[in-house]
Amino acid sequence: MGFRPNRSTRDNIFIVRQIFEKSYEHNIDLYNIYVDYTYAFDSVYRNEIIKCLTKSEVPDKLIRLIVVLTLTHTSARVKVNRDFREEFIIECGVKQGDPLSATLFSLVTDTLLKQMELRGNTTTRLTQCTAYSEDILLIIRTKQSLLDTFQKPKETSAQYGLIVNGQKTKYVRCRRKN
């Protein structure tokens, strides 16, 4: 849902509120994990971005253009006061401020979630997922499923260069009682 016209955080907040309200109404316990990644846009592996583009059936010509324009020969310099420091090469992550960066990162997130097989709805599956760019919410119906599911994002995300931030990842249990 991230970074597309007519799609904002309000859409995901509405979805989550509806799920919480319906689970409360039907007396269903929910276990929620808000997954946060450490330096998500800066740490994603570029070779995985290319693999995601290929899996999504993006034409080869377009992939080559994206690689040449945004994923290779990138460097940066830090300016302190009026002095520029030495230039350094950037080998992972997407270019901050590049219009394609958000789309490329969303593509990686979508591929990641498909690989974890977390899509579905809470009436037909024990686990559901909603995502906005690098912010992911896992909604789980049972405690056992919670334990089984939480390892998936950690393991699968690492393949893409994304590290789950243990300090900012939060767990919330929603239940009608108490």
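Helix 3 (residues 46-55) and helix 4 (residues 60-71) pack against each other at an angle of about 155°. Their axes lie 11 Å apart. That angle makes helix 3 roughly antiparallel to helix 4, because angles over 145 degrees count as such. The model is predicted. A search of the whole structure also finds 5 salt bridges, and three of these pairs are described below, including one between arginine 173 and aspartate 29.

**Helix 3 against helix 4**

- The crossing of helix 3 past helix 4 is right-handed.
- Helix 3 brings Arg46, Ile49, Ile50, Leu53 and Thr54 to the contact.
- Helix 4 answers with Ile63, Ile66, Val67, Thr70 and Leu71.
- By type, the contact residues divide into 7 nonpolar, 2 polar and 1 charged.

- Side chains of opposite charge can pair when their charged atoms come close.
- Lysine 51 and glutamate 48 meet in a salt bridge, at 3.3 Å from N to O.
- Both residues lie in helix 3. They are 3 residues apart, about one turn of the helix.
- Is glutamate 48 buried or exposed? Glutamate 48 counts as buried, because its relative accessibility is 12% and the cut-off for buried is under 20%.
- Lysine 51 has a relative accessible area of 44%, so this residue is partly exposed.

- Glutamate 21 forms a salt bridge with arginine 17. The closest N and O atoms are 3.4 Å apart.
- Helix 1 (residues 9-25) holds both partners. They sit 4 residues apart, about one turn of the helix.
- Glutamate 21 is partly exposed, with a relative accessible area of 39%.

- Arginine 173 pairs with aspartate 29 in a salt bridge. Here the closest N and O atoms are 3.0 Å apart.
- Which parts of the structure do arginine 173 and aspartate 29 lie in? Arginine 173 is in strand 10 (residues 170-174). Aspartate 29 is in the loop between helix 1 and strand 1 (30-35).
- The pair therefore ties together parts that are 144 residues apart in sequence.
- Arginine 173 counts as partly exposed, at 36% relative accessibility.
- Aspartate 29 also counts as partly exposed, at 22%.

Conventions. Residues numbered from 1 in each chain as written. Predicted model: local features only at pLDDT ≥ 70, side-chain atom pairs only at ≥ 80, totals over all residues. Heavy atoms only, no water. Axes fitted to C-alpha atoms, helices over the stretch in contact; angles between N-to-C directions. Helix = DSSP H or I, 4+ residues; strand = E, 2+ residues; numbered from the N terminus. Parallel < 35°, antiparallel > 145°, perpendicular 65-115°, else oblique. Left-handed = near helix turned anticlockwise from the far one by under 90°. Contact = heavy atoms within 4.5 Å. Nonpolar A, V, L, I, M, F, W, Y, C, P; charged D, E, K, R; others polar. Salt bridge = Lys/Arg side-chain N within 4 Å of Asp/Glu carboxyl O. Buried < 20%, exposed > 50% of the residue type's maximum accessible area, 1.4 Å probe, protein only.
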